[in-house]
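User: Hello! I am new to this structure and would like to learn how to read its sheets and its core. Could you guide me?

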Amino acid sequence: MEEEKNTQSQENESEEIRVGVYVCHCGGNISDVVDTKAVVEALKKKPNVKIAKDFVFMCSDPGQKLIIDDIIENNINRIVVSACSPTLHETTFRKALTRAGLNPYLYEHVNIREQDSWVHKGENEAATAKAIRLTAAGVEKIARQDPLEPIVVNAEGHVVVIGGGVAGMRAALALFKRGLGVTLIEKGDRLGGRALELDKVYPTEEKATDIVSQLENAVRSEKLDVRLNCEIEMIEGFVGNFDVQIRDKDSKIDKVRAGAIVLATGFDHYQPYEGEFGYGKSPVVVTLPEFNKLIADMPQSDKFTYKGKEIKNLAFIHCVGSRQVEGVHQPQADGRVNEYCSRVCCTATLHTINKTLDKFPNLNIFDLYKDIRTYGHGHEDYYEKASKRGVTFFRYTDDSIPEYAPSPNGSGATLTMKDVLTWNEEVSIPADMIVLATGMVPREISNLVGMLKLPTGTDRFLQEVHPKLRPVELANNGIMIAGTCQGPMDITESCAAAGASAAKVSILLSKKTIEMDPYVARVDEAKCDGCKLCLAECEYKGALFMAENYAHVNPALCVGCGACVAVCPPRAINIAGWTLDQFDGMIDAISMEELEPAMVPA
Amino acid sequence: MSAATIQKKADVLVVGAGIAGLQASLDLADQGKQILLVESQPSIGGRMINLSKVFPTLDCASCITTPRMASVAHHPSIDLLTYTEVNKIERVNGKFHARITKKPRYLDETACIGCKRCEEACTTYLPDEYDHSLGAKKAISIAFTNAIPQYPVLDMDECLLCGACAKACPTQCINFMQEPQEIEAEAGAVIMATGYNLTEISAKKQYGGDKYPNVISPLQMERLLAPHGPYGGVMRPSDGKIPDSIAFVQCAGSRDKSLGVPYCSRVCCMYAIKQAMLLSGSLPIADITIYYMDIRAFGKGYEQFYQNAKAMGIQFVKAKVGRISEDENHNPILRVERQEDCSQPEDVTHDLVMLSLGMVPAWIPDRDGIIPLEIGEDRFVRSVNEKVTPSLTSMEGVFAAGTMTGPKDIVDTIVEAGAAATEAANYLRRQEGR
């Protein structure tokens with residue numbers, strides 16, 4: 001977006017196709033397996049290829065300079081880079097073309113890393129042969145490519161933030177202060193989300209309700225458009241122009257138009273299944289959030305009484321619903337176990353333990369853990385303090401998960417496990433009460449996931465495009481994520497994520513227009529016979545329609561899926577940048593027979 | 001005679017061009033803000049460009065860093081100063097005034113074409129800090145292959161003044177008499193992204209990290225594993241032997257009050273696991289052991305990464321390493337007290353040992369001056385609203401990004417840099433409205 005536009009079309013029908021091929025070593029990621037020099041030599045012999053080179057890191061500045069210099073000095077007018085996945089660096093190289101004054105769509109990115117060197121370790125010759133075929137196909141494709149121009153759409157300077165928890169409020173406020181219109185939608189009857197359940201928070205020991213009030217007051221005083229008791233009925237449209245239908249508690253529908261959407265839908269607490277460490281069967285087994293609620297208003301005392309009985313021994317079990325192992329733990333509803341760590345529960349548990357001892361100094365506390373993960377600022381202090389206050393720590397492994405057995409008199413339980421800290425001694429821990437440190441699971445948002453086709457990971461949380469390159473963006477253009485809808489985080493981390501997504505939205509909407517890739521369907525009106533077969537295949541409302549007896553495309557709504565192309569009898573529809581002619585050329589190149597003898601795998 | 005002081009003006013002054021400073025600069029510049037980005041090293045890229053691959057995706061660090069470096073270098077709204085120190089930043093009437101010194105590279109940057117002929121001609125070899133002294137560089141050299149900018153620096157302290165570089169230079173750009181260039185800058189806001197240092201390898205005397213050649217630091221291990229590392233493969237420093245048995249000693253610089261670093265450095269478990277995985281890829285028959293206290297794989301996808309490492313056969317041993325010695329062949333001997341199986345302390349010999357050092361702030365206001373920001377007990381710059389606005393420092397208009405407020409991995413650093421950019425942009429807007 002930062003590049004000045006400089007795409008003068010020097011191309012014309014008669015211009016000679018001059019392809020430059022650049023093969024990246026990716027450090028050794030590619031060149032340890034693929035003989036990049038051999039690829040270069042083989043490609044030099046292909047028609048239309050005027051220059052072929054290899055380089056250690058094509059994406060680096062010196063690498064990009066090779067391309068720019070060849071465009072300017074050697075009149076190269078089509079570029080193929082064989083390197084990593086295009087999701088990583090296609091944009092990087094397109095920008096380089098723009099800087100050199102070439103249309104950025106005269107570029108083809110061939111993946112010889114994920115699709116070749118990484119999956120063919122130890123088969124160097126075959127991998128090299130494959131790289132040659134893939135690169136040759138890239139050459140054939142780009143040789144048949146005409147310059148393209150991005151699709152430009154207007155961008156609405158308004159953002160819909162879904163979820164009124166800490167992350168949602170934080171993002172909404174930041175965006176409002178940037179001068180954008182904001183609608184904040186909350187399903188519940190007040191702002192604050194999960195933070196409202198908390199008492200004091202680590203490590204600052206602020207009251208969570210103070211944090212919520214601080215944010216809520218700011219939201220109120222800035223006069224943001226806040227919709228409580230509201231849910232999303234429907235979202236249609238595309239980046240820059242989303243139509244969001246909001247349903248209130250009386251089922252009345254209101255429509256808001258938004259340039260971007262921030263999802264801050266948060267998390268749910270993992271709910272133990274009945275019988276998991278006695279949960280649901282014994283009244284003295286509770287989850288950490290339940291326990292926190294329980295003791296929040298209890299006064300300080302020599303005795304801790306619960307359900308009319310004095311609790312002397314209190315046990316905490318970590319990793320309930322997190323760090324699960326297939327074959328050991330009972331799978332979740334979708335058949336998968338929760339392999340992930342919930343990040344906050346170790347510190348939250350030790351924070352609670354210290355708070356409990358402040359109130360009930362005479363309690364015996366046992367802490368059953370796998371690893372203590374007090375990683376953040378000030379977290380370790382809670383661990384140290386708990387140790388010094390006489391909390392007994394036991395370390396269990398997946399081979400010896402604590403076994404729960406109710407006491408014969410029904411009032412307590414015994415936990416039996418092998419303790420790693422005492423060289424696998426079998427220990428029986430008497431517990432009058434058991435607290436389960438339950439982890440996080442994503443909020444139930446399957447309606448949104450289905451409606452917007454949002455990507456989720458195997459952990460069921462929303463999946464960012466790339467954890468380092470685009471950590472708060474979804475593959476869906478114009479939709480950002482903030483907070484625990486992405487994965488477990490504490491308040492600090494959720495707020496940082498909200499700030500980062502506000503930056504991305506601000507960048508997107510800082511100009512009045514948005515440019516989108518032109519890879520959409522195009523109809524050759526001379527060939528179209530108006531049979532309408534394509535209309536039945538198109539899943540995107542308004543993208544394809546009939547007028548004047550032939551099919552028309554609304555480029556802003558078309559996603560370039562190609563369903564229409566596949567059913568068109570006279571081959572009248574093509575996806576720009578992915579035409580049938582280009583596919584023919586690529587297939588011919590991939591299936592070519594004349595490889596260098598040395599390159600043919602034995 | 002030094003040249004006249006140069007005056008510069010920007011919306012935001014960003015100090016430090018590691019991954020945090022790069023990201024914050026891009027996130028602001030893409031919103032149309034004018035950025036002055038100042039880096040003290042010869043190249044931008046920070047610590048990250050030094051790494052081999054990064055967890056949990058195992059992308060090569062260069063693949064993630066170099067495009068951002070290139071974007072910053074070519075951005076029309078970013079004014080980049082490398083090999084340049086910020087001496088002082090003061091807030092006057094709501095504006096920031098910075099005194100900056102561009103250190104001499106001893107060449108004319110406007111004439112240099114980055115051809116490296118000077119480097120080839122130079123006859124003086126020095127330890128290469130980019131390779132953490134495992135390799136060598138010339139007294140005049142470009143920092144590393146994909147450095148930005150591609151200008152060399154001449155080390156005047158070590159230069160013999162033989163003139164070979166000047167003779168070799170096709171553009172006659174070498175200038176042995178070059179003086180520092182003073183710069184004064186005015187900016188509406190400041191983002192500090194000064195990063196971290198590793199804890200000293202010599203700090204824990206019992207481990208002898210400064211005495212034994214085959215006891216190395218994590219960044220040295222990164223270089224051994226990097227595709228363009230100093231030895232072109234994993235070999236141990238003392239004799240070039242390919243190690244058969246490699247050990248990682250966790251918390252060798254963190255969670256240790258005797259070192260003054262009681263906190264957890266957050267990244268060491270994961271970088272050790274990552275290095276172990278990369279080692280087992282390049283040395284499939286080597287025994288790899290990680291001695292640890294707790295494995296803290298808390299980020300997204302990290303636990304799964306840890307489980308994969310276990311499945312690959314990497315040994316995780318809960319144990320405390322009491323001390324390290326070495327035998328006559330420089331094989332490190334670890335005195336280990338296991339917390340599993342058997343409590344009897346034992347001596348275990350390995351070929352190569354990596355000490356998982358922790359993170360300390362690279363810049364400490366009380367010690368290093370520049371700008372008086374409040375720090376915490378851990379000596380990292382303190383956030384004044386840690387829960388809600390972690391990038392807020394004690395001085396209005398100054399924001400923090402990345403590891404200068406505490407240990408952080410790359411993902412958390414990048415996210416926080418974005419948040420700092422948002423805060424800076426909103427602060428500027430508030431100022432304009434006043």
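Analyst: Gladly! A term to begin with: two strands pair if DSSP finds at least two bridges between them. Please keep in mind that this is a predicted model.

User: Which residue is the bridge partner of Ile290(B) in β17(B)?

Analyst: The partner of Ile290(B) is Phe316(B). Their strands, β16 (residues 287–292) and β17 (residues 315–326) of chain B, pair in the parallel sense over 4 bridges.

User: In what order do the strands of that open sheet in chain B come?

Analyst: In general, strands of a sheet pair through backbone hydrogen bonds, either parallel or antiparallel. Here the 7 strands follow the order β14-β20-β15-β16-β17-β18-β19 (chain B), and the pairing is mixed. At the edges, β14 (215–216) and β19 (346–349) of chain B each pair on one side only.

User: Which residues touch the most other members of the largest nonpolar core?

Analyst: In soluble globular proteins, nonpolar side chains tend to be buried together. In this model the largest core has 303 residues, and those touching the most other members include Val161(A), Ile434(A) and Leu13(B). Helix α12 (residues 491–509) of chain A gives the largest share, 12 residues. Beyond its close sequence neighbours, Leu13(B) is in contact with residues including Leu36(B), Phe96(B) and Val190(B).

Technical notes:
Residues numbered from 1 in each chain as written. Chains lettered and ligands numbered in written order. Predicted model: local features only at pLDDT ≥ 70, side-chain atom pairs only at ≥ 80, totals over all residues. Helix = DSSP H or I, 4+ residues; strand = E, 2+ residues; numbered from the N terminus. Core = buried A, V, L, I, M, F, W, Y, C linked by C-beta atoms within 7 Å. Buried ≥ 20, exposed ≤ 12 C-beta atoms within 10 Å, placed from the backbone. Contact = placed C-beta atoms within 7 Å. Lists of a residue's contacts leave out its neighbours within four places in sequence.
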